[in-house]
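Trainee: Could we go through this structure together, step by step, with a question for each part of it?

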Amino acid sequence: MMPNSLGRNLFIPLTLFLVIAFLIGPFLIIVAASFSAGDTLAFPPQGFSLRWIAKVFTVESFRASFGMSLFLAIGGTAAALVLGIPASYALSRYKLPGAEVIRTVVSAPIIVPGIIVGLALLRYIVVPFGVGISLALFLAHTALVLPYAVRVVSASLDNLRSDIEEAAVLLGSSRTGAFFRVVLPNIRGGILSAFILGFVTSFNQVPVSLFLSGPGVRTLPIDMIAYMEIVFDPSVAALSALLAFLSIGIVFAAERFLGFSRYV
Amino acid sequence: MFQNRAEALALALPAAIFAAAVFLVPVLILLSDGFRNPVVDGVGGGWTLSAFTDFFSSSLNQTVFLRTLRLGAIVTVVSAVIGYAAAFAIVSLDPVAKGRVTGLVVLPLMISPVARTYAWIVILGRTGIVNQAFQALGITQAPLRILFSETAIFIGLLQLFLPLMIISLISALENMPKDAIPAARVLGANWFQVFWKVVLPLTREGLVIGGTLVFTGSLTAYITPAILGGSKVLMLETLMYQQVAVSSNFVAASVIAFILIVMSFAANILLKRVATARNKVRAAA
């Protein structure tokens with residue numbers, strides 16, 4: 001595709017090197033900086049130590065906000081799937097009046113910037129109804145993950161032939177029985193993929209949670225931003241590196257065992 | 001297809017009602033706040049555009065509004081230019097290498113945006129890598145102030161959204177007929193003409209998808225301007241946060257929310273138009 005073989009030989013590796021250095025380089029620097037023995041964030045790191053990685057586990061607020069983020073990512077995604085799986089099933093298998101309206105409403109949280117969703121929840125759910133911050137965060141994260149759940153589960157339902165379950169019903173199974181014994185086992189991969197996508201989305205989410213934080217109730221990314229504004233030591237770098245390896249590990253495992261990318 | 005309506009509604013409505021109650025209704029009320037006259041001592045109410053004229057009469061707000069549009073546009077254009085080069089290079093690789101390189105391009109999307117943005121502090125700060133290198137090479141004497149500037153936000157946004165553009169363009173280039181470029185070359189087109197008259201029209205849809213993702217992503221990014229722009233170089237999202245957290249000005253926040261949503265939707269519609277208009281021209285010709 002390139003002008004000549006000389007141009008091609010230079011152009012392709014050089015472009016790829018520069019682009020990947022730009023995309024991955026900063027992350028490698030963060031990883032290197034987190035092994036520093038110095039007191040401030042710097043690159044090249046001053047000496048080698050594991051003290052900042054160890055410190056991450058001793059910071060009380062990180063432990064609390066990690067717990068909160070983990071709860072939101074697991075609980076919010078599970079709730080989104082409980083709502084999303086039946087909705088996806090109805091959208092793909094039934095002649096549903098107003099199907100497009102329902103699809104739009106359910107997918108809408110993905111289009112609207114998170115900061116607006118967070119503020120709207122604070123002003124019109126938390127304040128007037130006296131809902132606690134933790135519950136509000138849970139509702140917000142569920143709404144945020146719902147579009148992903150519906151999209152991924154719908155895709156795997158559309159890939160599954162619907163005459164199999166019709167056959168099960170003809171052979172005497174109830175509709176519910178056919179769903180649990182025929183459909184559900186066949187879309188297991190899609191559901192797990194939706195769960196992982198939802199988990200990563202929720203865990204890394206910042207703008208939605210921005211206004212929904214109170215004393216002692218904070219998500220981890222928000223806590224990290226607050227910490228880095230006050231303390232300039234490498235512990236946020238260490239935490240960032242640990243979290244990055246965690247999410248990369250999860251996604252790689254998912255790709256290997258489930259063929260994650262087929263669904264997303 | 002099953003016909004039972006009641007059953008279908010029973011399955012689909014919980015999700016729809018949840019999304020409407022937790023998301024749609026509160027957001028619509030929030031947006032409508034920007035058009036309401038505040039009620040003071042039982043006087044006031046009704047609809048007005050005064051909050052919008054107030055917002056745009058402030059020169060700070062104008063600056064932030066224009067900066068947000070400008071950064072969105074520049075990030076989109078630059079990511080398209082780099083994206084084409086990268087996507088060309090990637091689709092010309094053999095299948096195994098292509099899979100690996102695509103994996104490396106997608107990898108950053110799985111890393112927390114906070115971590116990805118934080119890295120630029122180490123690189124662009126007063127004692128960061130760039131300043132160390134510039135001073136060592138004698139390009140500058142004193143450290144440059146790169147952090148907390150529009151340049152820093154631009155770099156952060158580009159790094160955050162470039163993978164989305166590259167992926168969109170890879171699939172567009174792969175769907176292009178294999179013999180289109182050799183055919184144009186045989187007929188005497190130079191490389192500029194090949195790109196402008198053959199590649200660009202044939203990959204326009206991928207470009208539009210990537211462009212929409214990058215542009216709306218840049219407009220509505222919060223973390224990048226918050227960390228790399230600081231409290232002085234604001235974009236609309238960080239301005240909205242300040243209006244609420246510092247000034248408690250909820251009406252201004254509603255106005256900004258409305259502007260952000262209108263800009264995202266307008267970008268979506270406009271770019272879709274561009275894509276379909278071109279297709280019609282091609283179909284007619």
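Mentor: Before we discuss how helices pack, note that an axis here is a line fitted to C-alpha atoms, for helices over the stretch in contact, and that angles run from 0 to 180 degrees between N-to-C directions. Please also keep in mind that this is a predicted model.

Trainee: At what angle do helix 3 of chain A and helix 6 of chain A pack?

Mentor: The axes of helix 3 of chain A and helix 6 (residues 133-158) of chain A are 6 Å apart, and the crossing of these two helices is right-handed. Their contact is made up of 17 nonpolar, nine polar and one charged residue. The two helices are oblique to each other, because angles under 35 degrees would count as roughly parallel and those from 65 to 115 as roughly perpendicular, and the packing angle is about 40°.

Trainee: How many residues of chain B are in contact with chain A, and which helix of chain B gives the largest share?

Mentor: On the two sides of this contact there are 69 residues of chain A and 65 residues of chain B. Several helices of chain B give two or more residues to that side, including helix 3 (59-91), helix 7 (150-174) and helix 13 (250-284). By class, the side of chain B that touches chain A has 55 nonpolar, seven polar and three charged residues. The largest share of it, 17 residues, is given by helix 1 of chain B.

Trainee: Which residues make the contact between helix 4 of chain A and helix 1 of chain B?

Mentor: The axes of helix 4 (residues 99-107) of chain A and helix 1 of chain B come within 8 Å and cross at roughly 45°, and these helices are therefore oblique to each other. Their crossing is left-handed. The contact joins A:Ile102, A:Val105 and A:Val106 to B:Ala12, B:Ala15, B:Ala16, B:Ala19, B:Ala20 and B:Leu24.

Trainee: What does UniProt place at residues 65-271 of chain B?

Mentor: Over this span, the chain is 76% helix and 0% strand, with the end C-alpha atoms 20 Å apart. An unreviewed UniProt entry also lists the feature "transmembrane region" at several spans of chain B, among them 146-170 and 207-230. For residues 65-271 of chain B, the unreviewed entry gives the feature "domain: ABC transmembrane type-1".

Trainee: Which helix of chain B has the lowest mean pLDDT, and which has the highest?

Mentor: Where pLDDT is low, the predicted coordinates should not be read in detail. Chain B averages a pLDDT of 88, and 94% of the residues score at least 70. Among the elements of chain B, the lowest mean, 80, belongs to helix 13, and the highest, 95, to helix 3.

Trainee: What ipTM does the predictor give the complex?

Mentor: For chain A, the average pLDDT is 87, with confidence lowest in helix 11 (residues 235-258) and highest in helix 3 (residues 60-93) of that chain. For the complex, the predictor gives a pTM of 0.88 and an ipTM of 0.86.

Conventions
Residues numbered from 1 in each chain as written. Chains lettered and ligands numbered in written order. Predicted model: local features only at pLDDT ≥ 70, side-chain atom pairs only at ≥ 80, totals over all residues. Contact = placed C-beta atoms within 7 Å. Helix = DSSP H or I, 4+ residues; strand = E, 2+ residues; numbered from the N terminus. Nonpolar A, V, L, I, M, F, W, Y, C, P; charged D, E, K, R; others polar. UniProt positions renumbered as here; feature names shortened; annotations may be inferred. pLDDT = per-residue confidence, 0-100. Parallel < 35°, antiparallel > 145°, perpendicular 65-115°, else oblique. Left-handed = near helix turned anticlockwise from the far one by under 90°.
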